[in-house]
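Thanks for coming. Please have the sequence and the coordinates open.

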Amino acid sequence: MLTELQVKAAKPKEKYYMLRDDRGLNLRVDPSGRKYCIFRY
């Protein structure tokens with residue numbers, strides 16, 4: 001499960017990356033620093 005601390009601590013990298021939990025919620029972090037929540041079902 002993604003926590004608020006994990007979301008706040010996610011820093012931009014050279015390429016985008018995803019943080020995933022076991023319930024289908026993904027957090028995509030772009031190089032620009034934008035964060036997107038994606039729910040996959």
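Helices and strands here are DSSP runs, numbered from the N terminus: a helix is H or I over at least four residues, and a strand is E over at least two. On that basis the protein has one helix and three strands. Their order from the N terminus is α-β-β-β.

Two notes on the source. This is a predicted model, in which local features need pLDDT of at least 70 and side-chain atom pairs count only at pLDDT 80 or more, while totals for chains, interfaces and linings use all residues. Residues are numbered from 1 along each chain as its sequence is written, and side-chain values use heavy atoms, with hydrogens and water left out.

Some overall values. The C-alpha trace spans about 25 × 20 × 10 Å along its principal axes. The protein exposes about 3600 Å², of which carbon and sulfur atoms supply 54%; accessible areas come from the Shrake-Rupley method with a 1.4 Å probe, and for residues only the protein chains shown count as cover. Buried means under 20% relative accessible area, exposed means over 50%, and partly exposed is in between, with a 1.4 Å probe and protein chains only. Of the 41 residues, 24% count as buried.

Now the sheet. Two strands pair if DSSP finds at least two bridges between them. The three strands make an open sheet in the order E1-E2-E3, with antiparallel pairing. E1 and E3 are at the edges with a single partner strand each, so one side of each has no neighbour in the sheet. From one strand to the next, the twist averages 25°; axes are lines fitted to C-alpha atoms, for helices over the stretch in contact, and angles run from 0 to 180 degrees between N-to-C directions.

Take the pairs in turn. E1, residues 17-20, and E2, residues 25-29, are joined by four bridges. Within that pair, Leu19 is opposite Leu27, and Met18 has Arg28 as its bridge partner. Four residues separate E1 from E2 in their hairpin, and Gly24 in the turn has a positive phi of about 100°.

E2 is joined to E3, residues 35-39, by five bridges. Here Leu27 is opposite Cys37. The hairpin of E2 and E3 has five residues between the strands, and Gly33 has a positive phi near 105°.

Leaving out residues up to four places away in sequence, Asn26 touches Met18, Leu19, Arg20, Tyr36, Cys37, Ile38 and Arg40, where contact means heavy atoms within 4.5 Å.

Last, the rings. How many aromatic pairs does the structure hold? The count is one. Rings of Phe, Tyr and Trp (its six-membered ring) pair if their centres lie within 6.5 Å; planes under 30 degrees apart count as stacked, over 60 as edge-to-face and the rest as tilted. Phe39 and Tyr41 have ring centres 6.4 Å apart and planes at 20°, so this pair is stacked. Phe39 is exposed at 54% relative accessibility, and Tyr41 is exposed at 91%.

There are also charges over rings, meaning NZ of Lys or CZ of Arg within 6 Å of the ring centre and within 35 degrees of the ring normal. Lys13 has its charged end over the ring of Tyr17, 4.5 Å from the centre. Arg28 lies over the face of Tyr16, at 3.9 Å from the ring centre.
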